[in-house]
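Good morning, and thank you for coming. I shall present one model today, going from the overall chain to individual residues.

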Amino acid sequence: MSQRKGNAKKKGQKYQNTVAFNPQKWGTSEKTISIQNTPIGAVCTRCSEKLEWKKKYNKYKPLRVPASCECCKQKSVKHTYHKYCLACAAEKMVCAMCKTKGEVIDLPPSRVDELRLAQIREVELKNMKERDRRTLLRKMEREANGAGDDTTADDAAAAEVAIGEMAIGDVAHGAASGDADDTEDHGERTAQQPEHAAAAAAPAVDDLDWEAEVSGDEET
């Protein structure tokens, strides 16, 4: 029976902890690490606080086998303390733990889901056009750097087209200059050909004169 009288304030408990509970005081096991890394979602704010408290003070007991959903009666509940599976909770728009309607915290994607999304994104990038792929990669890089979306996709596409036209112009200019150089070289070689022909023909005339002199000496 309570001994309080009137509006006397209740004092604190007799034995209070001076140091907060530390679940890692005596080391950590794989089970403890797995529990601490377990994501919390598909529940309301109040249930989320309860689960965080259980994880903080080492009271969280993970499931060994999937539990039965109270809605679809299937063994599809894979999260501890949930009454509904994720599909039924999303369909009814209720908390999967206390089954009340209201604001629900989204469940973060798991490692398997992240890998699956990464594979799907890689396949989509391979099937995209080069210009669209570069535009998307630049957009993702801006979002990762926190720069925001300063330019639209049309501006990025226009810039890509301009860069391509500049590259084509440089190639065409290089080809034209190369043709001009080839034409000049061809003209020089054509101009030098008569000189080489005359130089080649000169020894033949001297040979004829020498033969004529030799034949005259023989006649005399």
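Serine 48 has its place in helix H2, where helices (H or I, at least four residues) and strands (E, at least two) are DSSP runs numbered from the N terminus. Please bear in mind that this is a predicted model, in which local features need pLDDT of at least 70 and side-chain atom pairs count only at pLDDT 80 or more, while totals for chains, interfaces and linings use all residues. Residues are numbered from 1 along each chain as its sequence is written, and side-chain values use heavy atoms, with hydrogens and water left out.

Is serine 48 buried or exposed? Serine 48 is buried, because its relative accessible area is 12%; buried means under 20%, exposed over 50%, and partly exposed in between, with a 1.4 Å probe and protein chains only. Setting aside neighbours within four places in sequence, serine 48 is in contact with Ile40, Val43 and Ile105, contact meaning heavy atoms within 4.5 Å. Serine 48 and valine 104 are 56 residues apart along the chain, and their C-alpha atoms are separated by 9.4 Å.

Let me now turn to the chain as a whole. The protein chain has 6 helices and 0 strands, and its elements run α-α-α-α-α-α from the N terminus. Of its 220 residues, 14% count as buried. Among contacts between residues at least 6 apart in sequence, 37% join residues at least 24 apart. The accessible surface comes to about 18200 Å², with 54% belonging to carbon and sulfur atoms; these areas come from the Shrake-Rupley method with a 1.4 Å probe, and for residues only the protein chains shown count as cover.

Next, the backbone. Most residues other than glycine have a negative phi. Alanine 42, which is not a glycine, has a positive phi of about 65 degrees. Alanine 42 is found in the loop between helix H1 (30–36) and H2, and it counts as buried because its relative accessibility is 13%. Lysine 73 also has a positive phi, near 65 degrees. Lysine 73 is found in the loop between H2 and H3, and it counts as exposed because its relative accessibility is 61%.

I close with the charged surface. Which residues gather in a patch of positive charge? They are Lys31, Lys59, Lys61 and Arg64. Patches are made of residues with over 30% relative accessible area and no salt bridge, like charges being joined within 9 Å and nonpolar side chains (Val, Leu, Ile, Met, Phe, Trp, Tyr) within 5 Å. A salt bridge is a side-chain nitrogen of Lys or Arg within 4 Å of a carboxyl oxygen of Asp or Glu. Lys and Arg count as positive and Asp and Glu as negative, with His and the chain ends not counted; the place of a charge is NZ of Lys, CZ of Arg, CG of Asp or CD of Glu.

Lysine 61 lies in the loop between helix H2 (45–56) and helix H3 (86–92), and is exposed, with a relative accessible area of 64%. Lysine 78 and arginine 64 are 9.0 Å apart, C-alpha to C-alpha.
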